[in-house]
Amino acid sequence: MAANKMKAIKVSKLGSPEVMTLEEMDRPVPKPGQVLVKIKAAGVNPVDVYVREGHFGSYTLPMGMGGDAAGVIAEVPAGESRFKVGDRVFTCEGADPLTGAYAEYALVPVRNVFPLPDVLSFSQGAALGIPYLTALRCLMIKANAKPNETVLVHGASGAVGLAACQIASAWKMQVFGTAGTEEGLKLIRDNGAATVFDHHDKNHKKNLMDATGGKGFDVILEMLANENLGTDIEVVAEFGRIVIIGSRGEAKCSPVYMMGKEAMCVGVLLMKSTDEEWKRIGDELVKGINEGWVRPIIDQEFPLNQAAEAHKAVMQHTGGSKGKIVLIP
Ligand code: NAP
């Protein structure tokens with residue numbers, strides 16, 4: 001392949017996983033405010049699936065796929081001093097749709113690029129962006145969680161949930177987590193959840209309430225609100241905070257439980273972060289990596305030409321998640 005060429009996943013029409021094809025294209029040159037990253041690993045997030053299916057925002061086709069990745073800086077425009085060629089970095093969202101992050105090289109705005117310390121592999125770096133920044137923003141900003149508070153991570157065995165368990169445990173909160181398989185339950189226990197539950201258990205709600213001595217949870221991070229919001233509203237503590245991170249349908253619930261407890265429920269979308277929040281959570285993430293309490297768990301790696309298989313695996317995650325799925329160019 002010519003030196004100024006690269007390969008990237010392209011989507012020319014929205015639809016099934018097979019609409020993603022690996023194609024050759026010109027390697028782009030970064031404009032001011034951007035850098036060109038040589039991708040070593042790209043994170044596969046559920047939102048990538050929603051985008052490819054046409055269920056999330058509107059896009060100009062053809063387009064690249066993905067936003068989270070890790071690699072090394074390949075090119076910086078004149079006057080860019082924050083990064084230099086060869087720096088190890090990870091990115092979170094924002095990759096220019098021209099390349100996406102499922103690519104050998106990606107154009108990324110500097111705001112979305114962070115230094116990647118040597119202690120983490122490139123695959124771990126690709127697992128940081130959306131999962132860890134979401135978990136940090138939910139705990140720090142949306143729930144304002146404090147040491148010693150009880151935190152239920154409802155759906156803890158996936159990428160966001162494991163990140164939340166590690167962070168909340170490092171911040172000395174009492175962490176409770178749920179998973180759907182024995183392997184998942186072991187994984188979340190190993191990653192900071194002191195008390196674990198199977199979210200498919202028919203006594204799930206009672207088990208949760210009993211574990212808090214009837215008081216309920218100060219904070220609930222919810223990955224599947226359509227399944228669990230009704231339970232969350234019942235098992236949240238007085239003045240508790242429920243943060244809706246994921247939902248895939250309609251929920252049935254009795255809001256009256258919220259009133260007596262003066263509990264709050266908030267939805268989040270990482271992309272709505274203000275510049276100030278973005279800097280705060282980005283700084284905290286880099287601190288967590290350096291202090292050793294951020295340790296991304298990789299479930300499966302797929303080669304870039306198997307992006308379709310990686311997307312299928314991400315959606316099968318709702319039945320035995322064990323961390324993060326990444327693509328390797
Ligand atoms: P993931 O890695 O696929 O994990 C999915 C999690 O959901 C697993 O822990 C899975 O557990 C769990 N789950 C399955 N059935 C459940 C149930 N009945 N009750 C509770 N949890 C259940 O996905 P992710 O990357 O962690 O993302 C999680 C969700 O958050 C997705 O819906 C995603 O779209 C959303 N999200 C939103 C934002 C935002 O800004 N709002 C950001 C990131 C992610 P088992 O497999 O062990 O059953």
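**Exercise 1.** How much space lies in the largest cavity?

*Solution.* The model is predicted: local features need pLDDT of at least 70, side-chain atom pairs count only at pLDDT 80 or more, and totals for chains, interfaces and linings use all residues. Residues are numbered from 1 along each chain as its sequence is written, and side-chain values use heavy atoms, with hydrogens and water left out.

Step 1. On a 1 Å grid over the protein atoms alone, a cavity is a set of points where a 1.4 Å probe fits but cannot get out, with lining residues having an atom within 4 Å of a point. A volume is the space filled by probe spheres set on the points, which are joined across faces, edges and corners.

Step 2. The structure has 1 cavity of 30 Å³ or more. The largest cavity holds about 50 Å³ of space.

**Exercise 2.** Which residues line the largest cavity?

*Solution.* Step 1. The lining consists of Ala-127, Tyr-132, Ala-159, Leu-162, Pro-296, Ile-297, Gly-323 and Lys-324.

Step 2. Sorted by class (Ala, Val, Leu, Ile, Met, Phe, Trp, Tyr, Cys and Pro nonpolar; Asp, Glu, Lys and Arg charged; the others, Gly among them, polar), the lining has 6 nonpolar, 1 polar and 1 charged residues.

Step 3. Domain 1 (5–128 + 296–328) and domain 2 (131–270) each supply at least three lining residues; the bounds come from an automatic or database domain assignment.

**Exercise 3.** Is Thr-134 buried or exposed?

*Solution.* Relative accessibility is 8%, so Thr-134 counts as buried (under 20% relative accessible area; exposed is over 50%, partly exposed in between; 1.4 Å probe, protein chains only).

Definitions and conventions
1 Å grid on protein atoms, 1.4 Å probe; cavity = no way out; pocket = protein on both sides within 12 Å on 5 of 7 lines; lining within 4 Å.
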